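This briefing covers how two chains meet and how one of them is divided. Please keep the sequence and the 3D view open while reading.

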Amino acid sequence: MITAGIDVGSLSTKAALMNETWEVIGFDLVLTGGSNRTATELTYENVLGKAGLTRNDIGFVVTTGYGRENVPFADKHISEITCHAIGMHLLNPEIRTILEIGGQDSKAIRIDEAGNVESFAMNDKCAAGCGRFLEVTAKAMGLELTDLGEVSALSQNTVRISSTCTVFAETEVVSLVAVGTPIPDIVKAVHNSIATRAISLLRTVGISGPLGMSGGVALNRGVVRALEEALGMKVFVADNPQVRGAIGAAFIGQRLS
Amino acid sequence: MEQERNGQRRSVQYQNLLRLIGDLRPDAEIDGPQLRASRMRSIVNCHRLVEAYKERSRVAYVSEQFPTEIAFAFEAIPWNIESMSNMLAQSADVNRILQLTEEQNLSRDICSFLRGPYGMMLANCYPRPNVVLTNNQPCEGLSKLIYISGKRYSVPILPLHTPDTIDEDSLRYLVKQMQYLISQLEGEFGVELAPDSLRAAVEHSNQAREYFSETIRLLETHKLAGVSRELHEIFGMNYFGAKQNAQICKVLFEEALELAKGEEKKGKRVMWIGQAPEESHELLQYMNRVVDIVYWAPLWEANALVLDEDEPLRSMAHRAILYHWNAERMRVDTLRMCETFGIEGFVISNVWGCRNMMGINPMLRDLAASRKLKYLTINIDLVDRNNYTFNHIKNRVDAFLELMQ
């Protein structure tokens, strides 16, 4: 049976298809925009089209992410904490700690040797340190989100940005730009700020064994570098890290169907 | 001063309270039948409320876990200013109360369990106290609020300083303070404390605690719907020393005994640690469908301590020290609870701004990890709806419930 996993996130909506041999046979990603239902329909149709399948070919649909309960054709909805844990475990069974940074929240997850969640921690009260934080600061510097990783590699000096609040951080960035601070230094400071918050979360659950990273922010090499420098350890980044939740959901579908 | 006194007439304060909660309180929906003990407690609370607003009544503001037997021995009504916050949380007009505190420049970052009672005082809804009785608090904010309340109503503030360690010196030190406090109360109320009055209060307290402890013992082997919650309410009410409280505890024990004969509630057992929302709160309703929640505070070792009827002050002192938050003792006690009650997970609830809960969080997480227990940490506001929405925490609650299934 082929199963589908759909991760309805705050910034993007992802879909993945998996066959009975646990092979990912297709995935897709669209921006969520104003309607997560529309985004879900769109990415589902996209992924089916990519795999040359129709809805009738799908035996079970598991949804995850913030909009998971807003998908009428879902057979089951599961939190993305469980889905990312499984999704990362499938990719690398050695991983014991996962950092997932999405659009509006970040999660530290500790898993056992079977991929079961042992404990987790999430950010509270503010989206500082999440994808939205990067989006806002990139905009303040007039950069594309996708360029941040490369730009920060050019940094020569250490600059500090507080990690308390997304909006305040944006103000700090604007002030630094205004006084002529080199953009690469500011970008690196933003990455360091994200790493500081993430490490605080990771320490809450305890880092046990290899650390893996999923979620869209894992695509940013600058953030990964900042984490590796601060932790003094290698961070395993999944291929297509933003769809690990959807893949985990599709796998849960295999187990449930 | 006299004008202020007139403004603080209890009949006026009672009308203010009724306007606030009587007409505006929305219907609470609770899954499952309500226990007889809960209904009885509501009636006792109503009676207490009505009595407290009578001009001739003796009202003693008390802080958490104050030895209320002393208040009852003086026929005073103990009024826990903090527990009123839970009642506030059910009020549709809570915003107006909190707004009053902001108008007095109280920061919204301060725990709403403190802003709520302060707002009630500002709204002139609490009954004017005759005296304020307080003991050492893990919460410094509550201690300050207690002192503020005494100043506000220009009444004596009688504190007990509770040491942290249990030894002969500490017990003697606390007993001496209690004796002094009693002499102060005698002066304030113009009566001499009759030994029989204290003895009766202690007897009532012990009777209640006996049933309370027996009910807790039933929870060791049975999952009894609503029983742990009722124990939590009785603990929070801290009405030990009143005859009615012994009655409530007796009825609860009898009901628990009946429930234990029936079908057991399903779901893994988790322990709710920290401030708890009122029973009909959406979060509890949501979680109750999946797990069996037992509440931490009623299970504390200190609650089971039987007072020595010949030397009541000494045993009250012992209990007061046990109630004092001490991380090492708390760890041992929590570990005992995990083993005794078959706990499989923790819900660590932290009201925004509560440094005490934040302080013990690492100890609780370590303990959970050492016993391979799952835990959920949630930061919420149980009173101020401007600081909380279920959607903010739903994701982590769902993840936790998935772990428990």
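Chain A and chain B bury about 1,600 Å² between them, and carbon and sulfur atoms give 46% of that area. Buried area is the accessible area (1.4 Å probe) that two parts lose on being put together, summed over both. This is a predicted model, in which local features need pLDDT of at least 70, side-chain atom pairs count only at pLDDT 80 or more, and totals for chains, interfaces and linings use all residues. Residues are numbered from 1 along each chain as its sequence is written, chains are lettered from A and ligands numbered from 1 in the order in which they are written, and side-chain values use heavy atoms, with hydrogens and water left out.

**Where chain A meets chain B**

- The contact (heavy atoms within 4.5 Å) involves 21 residues of chain A and 16 residues of chain B.
- Between the two chains there are 8 residue pairs in polar contact, both residues at pLDDT 80 or more.
- A polar contact is a pair of N or O atoms within 3.5 Å; within protein, one must be able to donate a hydrogen and the other to accept it, and residues adjacent in sequence count only if both atoms are side-chain atoms.
- On the side of chain A that touches chain B, the elements giving two or more residues are α2 (80-91), β8 (117-122) and α6 (183-205).
- Helices (H or I, at least four residues) and strands (E, at least two) are DSSP runs, numbered from the N terminus.
- β8(A) supplies the largest share of this side, 5 residues.
- By class, this side of chain A has 7 nonpolar, 6 polar and 8 charged residues.
- Here Ala, Val, Leu, Ile, Met, Phe, Trp, Tyr, Cys and Pro count as nonpolar, Asp, Glu, Lys and Arg as charged, and the others, Gly among them, as polar.

**Salt bridges between the chains**

- Side chains of opposite charge can pair when their charged atoms come close.
- The count between chain A and chain B is 2 salt bridges (a side-chain nitrogen of Lys or Arg within 4 Å of a carboxyl oxygen of Asp or Glu).
- One joins Arg68(A) to Asp398(B), at 2.5 Å from N to O.
- Glu69(A) also forms a salt bridge, with Lys394(B), and their closest N and O atoms are 2.2 Å apart.
- In that pair, Glu69(A) lies in the loop between β4 (58-64) and β5 (76-77) of chain A, while Lys394(B) belongs to helix α17 (residues 390-404) of chain B.

**The two domains of chain A**

- Chain A is divided into domain 1 (1-92 + 242-257) and domain 2 (94-237), with bounds from an automatic or database domain assignment.
- Taken over C-alpha atoms, the domain centres are 25 Å apart.
- Their contact takes 15 residues from domain 1 and 26 residues from domain 2.
- The two domains bury about 1,700 Å² between them, 66% of it on carbon and sulfur atoms.
- In domain 1, Ile81(A), Met88(A) and Asn92(A) lose the most area to domain 2, together 36% of what that side buries.
- There is 1 salt bridge between the domains.
- Lys107(A) and Glu80(A) form a salt bridge, with their closest N and O atoms 3.6 Å apart.
- α2(A) gives the most to the side of domain 1 that touches domain 2, with 9 residues.
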